[in-house]
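I opened my notebook beside the viewer today and jotted down what I looked up. Come along through the entries, in the order I made them.

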Amino acid sequence: MRTEPGWLLDEDAPGPRKPLYLRGGPGMQVDADGPALRVRRPARAAQWFPLARVARVVSSGAVAWDCEALLLCAEAGTPVVFLQRDGSVRGYLFGGDARSRDPHDLLYTRLRARLSRPGGMARYGDWREAMTRAAVRALAAQLGRRLDDEAPHRLRQALAETRRRYTGAGPAALIEGRLRGLLSGLSAELLAEVGLDAARWTKLDFDVDLAGDLVELLGWALETPMLAALEARCRGESGAPNLVEESQLLGWFEQHAPDLRRLGLDGLHHLRQWLET
């Protein structure tokens, strides 16, 4: 993870494209310079990030985006997620479908066809419930506990309370908010990859928050690693990340990003199959 004041680029992420994190501050500006984004801050040298190497951009806090820079991201199919400083999502830019793989075999076509039919929304809800049950089963196996009778929302509350005991209420809320923002960025990248760009989202015209649901599902996979990291930090283990520190949280998240990416794409593949039956 290469670190500079105001931005982080995960140089160690697998593949040619890396996530770019922008942490806003006074005077931070992003504009287009040829095929690259130019990031500037007062009294600091400008940095250039070719979009051919950027998988997604997570823009947090006060960042002044030039319109041409946003259009450049849209044309390259590079999603941008805009976050508040607490990690909550302000909005998404999905852009075009430059990276969608097969224009005739898209999740979008299945969603549009199925959701417009009677029972379509219920079918989508069934997929979400089935994926949640699978996530809870995986969590139970990791924890070595039986969780069959636990309601997911109550289990989430219990896990949140455990985190608060390790860090305190304020730091736990900070970690959870920032982590949700990071998951939102990864989810936006995955949705763009399977062809759900902005143009297709507007054509769906259904009350479906697939991006938010994907964030919730991926969040289950981080529950056990997060507890392990917090426990190690409390025990004073050498090298244990301090997840309250934003740069260390980003580094920890990116270590798990490849597995989250596979899990997310697998879930979207199952959704397409679910909608076909």
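This is a predicted model: local features need pLDDT of at least 70, side-chain atom pairs count only at pLDDT 80 or more; totals for chains, interfaces and linings use all residues.

**Cysteines, a sheet and one asparagine**

I began with the disulfides and found 0 of them in the structure. A reminder to myself: a disulfide is a covalent bond between the sulfur atoms of two cysteines.

Cys73 has a relative accessible area of 0%, so I put it down as buried.

Then I turned to a sheet. Which order do its strands take? I read β6-β5-β4-β8, an open sheet of 4 strands with mixed pairing. At the edges I found β6 (47-50) and β8 (64-65), each of which pairs on one side only.

What lies across β4, β5 and β8? I found helix α1 there, residues 67-76, and its direction makes an angle of about 60 degrees with β4.

My last entry is on Asn242, which I located in the loop between α8 (223-234) and α9 (246-276). Is Asn242 buried or exposed? Its relative accessibility is 18%, and the cut-off for buried is under 20%, so I count Asn242 as buried. Leaving aside residues up to four places away in sequence, I listed Arg233, Gln248 and Leu249 as the residues that Asn242 touches.

Definitions and conventions
Residues are numbered from 1 along each chain as its sequence is written. Side-chain values use heavy atoms; hydrogens and water are left out. Two strands pair if DSSP finds at least two bridges between them. Helices (H or I, at least four residues) and strands (E, at least two) are DSSP runs, numbered from the N terminus. Contact means heavy atoms within 4.5 Å. Axes are lines fitted to C-alpha atoms, for helices over the stretch in contact, and angles run from 0 to 180 degrees between N-to-C directions. A disulfide is a pair of cysteine sulfur atoms within 2.5 Å. Buried means under 20% relative accessible area, exposed over 50%, partly exposed in between (1.4 Å probe, protein chains only).
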